[in-house]
Amino acid sequence: MSPSSLKNRRVILAVTGGVAVYKAAELVRRFKSEGADVTVVMTGASQRFVSPLTFESLSGNKVHTDVFSEPMAHINLPASADILVIAPATANMIGKLAAGVADDMVSLVFLAFDGPVVFAPAMNWRMYAHPAVRRNIRTLRSMGLHEVEPEEGELACGEHGVGRMAGIGRIIEAAKGCLRGKDLSGLNVLVTAGPTREYIDPVRFISNRSSGKMGYALASAALRRGADVTLISGPVGIDPPPGAKVVRVERSEEMLDAVERHIEGADILVMAAAVADFIPDEYSAVKMQKQDSLVLRLRPAPDIVKAVSGSRKRPRLVVGFSAETGPEIAKARRKLDEKGMDFVVFNDVTAEGAGFDSDTNKISIIDREGITDYPLMSKDACADVVFDRCLELSKPGTRAAENC
Ligand SMILES: Cc1cc2nc3c(=O)[nH]c(=O)nc-3n(C[C@H](O)[C@H](O)[C@H](O)COP(=O)(O)O)c2cc1C
């Protein structure tokens, strides 16, 4: 496992002009308290919100604002930096970066930097949802930039929606995650994500509330850490991480089939999909008509983890997720042996901040050595914890390593 520390790391914090600029001051303080050396670069608009003096005082370093008064700063700064963090990232700057425009200190530093880049959009919810902004964010993500998605809540304009800059903790975690290096390189990782749909007739199905966010965060983390990733996804409303091979399925039987087709050569299987436990026993090929009452008979859905972990093609590591409504750790512990997994990631979906559509999760990792509880973290950070554990279990002498 490579350390993900910010200690002695050189961070360029690029600040662009939105109301959330004031939060960037706290971000500098947090980076400093983690041991990082922070240099701030600012756009002209951002200086209308907070003076460079604030950032200079907090970072202890000169703040760079004007390309022409320091002709080589936009080349020299990035040359010695470990990471570029753009927070807050305005709609304007996101558009400029996506288009390769280079007319100020931030956009020039971006183009002259070839290391990891994290950006935290902050804007009105309608701006964030605008197709032009969505397209520009997709472009940045496809270039390998890591977006720390904004949160839902009360916005500075008084409206409510998704657009509030991610919390400082999430931005710090994302930066740490990006500095881990490629410790999964050479590994094939197969991730399942999202819900399944079990059809009753052509227009109706039984499904669940899984958003796919945890599975997609796992796929992104594995890609960022250098793995080859195949993502088998049920129907979700989020974009897959660029670089993953995506296989889309709907029914649990299709998911089993897709896992069996892609398992060959996989080193790690992480089953984060919320696969149905039951499927309708009968399927009506025509839409069922309204009636006074209807009794549906259900039969068990295929148990994908069990099928795979007992098979000849079993990957070196098989990891399952167990979502329960309550602290049902014992149930999750039983699954470990019943399904032949290396470890189970348990989460109580009723716990605060750990729900289905949430960007955060509170997990416990259960393996044969015991239980490790983690605090409430972003799903990105949870994903890194899962792969850290995979790497620990792959060390020579461990049970999973002996499965090789
Ligand atoms: C009071 C005020 C608040 C603003 N807040 C935001 C914001 O939160 N997000 C955003 O994308 N733009 C916001 N803008 C618009 C940007 O400041 C504007 O697009 C500017 O050109 C951004 O420049 P920059 O990207 O070079 O910093 C705001 C403008 C004003 C006047």
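This is a predicted model: local features need pLDDT of at least 70, side-chain atom pairs count only at pLDDT 80 or more; totals for chains, interfaces and linings use all residues.
Leaving aside residues up to four places away in sequence, Ala 73 touches His 64, Pro 78 and Met 105. Is Ala 73 buried or exposed? Its relative accessibility is 10%, and buried means under 20%, so Ala 73 counts as buried. Val 41 is 32 residues from Ala 73 along the chain, and the C-alpha atoms of the two are separated by 10.0 Å.

Stepping back to the whole protein chain, there are 15 helices and 21 strands. The radius of gyration is 23 Å, close to the 22 Å that the globule rule gives for 404 residues, so the chain is as compact as a globular protein of that length. Along its principal axes, the C-alpha trace spans about 75 × 60 × 35 Å. Take the contacts with a separation of 6 or more: 66% of them are between residues 24 or more positions apart. Buried residues make up 50% of the 404 in the chain. As for the surface, the chain exposes about 18300 Å², and carbon and sulfur atoms supply 50% of that. On the charge side, there are 50 positive and 51 negative charges, and their mean positions are 1 Å apart.

Now for helix H10, residues 213-224. Its 12 residues reach 16 Å from the first C-alpha to the last, close to the 16 Å expected at 1.5 Å a residue. How much of H10 is enclosed by the rest of the structure? Largely, because 10 of its 12 residues are buried. Among them are Met 214, Tyr 216, Leu 218 and Leu 223, along with several alanines, including Ala 217 and Ala 219. Arg 224 is on the buried list as well. After H10 comes Gly 226, with a positive phi.

| Site | Angle | Value |
|---|---|---|
| Asn 8 | phi | near 60° |
| Gly 226 | phi | near 95° |
| Ala 87 and Pro 88 | omega | about -5° |

The peptide bond joining Ala 87 and Pro 88 is cis, and Pro 88 sits in strand E3, residues 83-89. Asn 8 has its positive phi despite being a residue other than glycine. Where is Asn 8 found? It belongs to the segment before strand E1, which runs over 10-15. With 63% relative accessibility, Asn 8 counts as exposed, whereas Ala 73, at 10%, counts as buried.

Key
Residues are numbered from 1 along each chain as its sequence is written. Side-chain values use heavy atoms; hydrogens and water are left out. Helices (H or I, at least four residues) and strands (E, at least two) are DSSP runs, numbered from the N terminus. The radius of gyration is taken over C-alpha atoms; the globule rule is 2.2 Å times the number of residues to the power 0.38. Buried means under 20% relative accessible area, exposed over 50%, partly exposed in between (1.4 Å probe, protein chains only). Contact means heavy atoms within 4.5 Å. Accessible areas come from the Shrake-Rupley method with a 1.4 Å probe; for residues, only the protein chains shown count as cover. Lys and Arg count as positive and Asp and Glu as negative; His and the chain ends are not counted. The place of a charge is taken as NZ of Lys, CZ of Arg, CG of Asp or CD of Glu. The expected span of a helix is 1.5 Å times one less than its number of residues.
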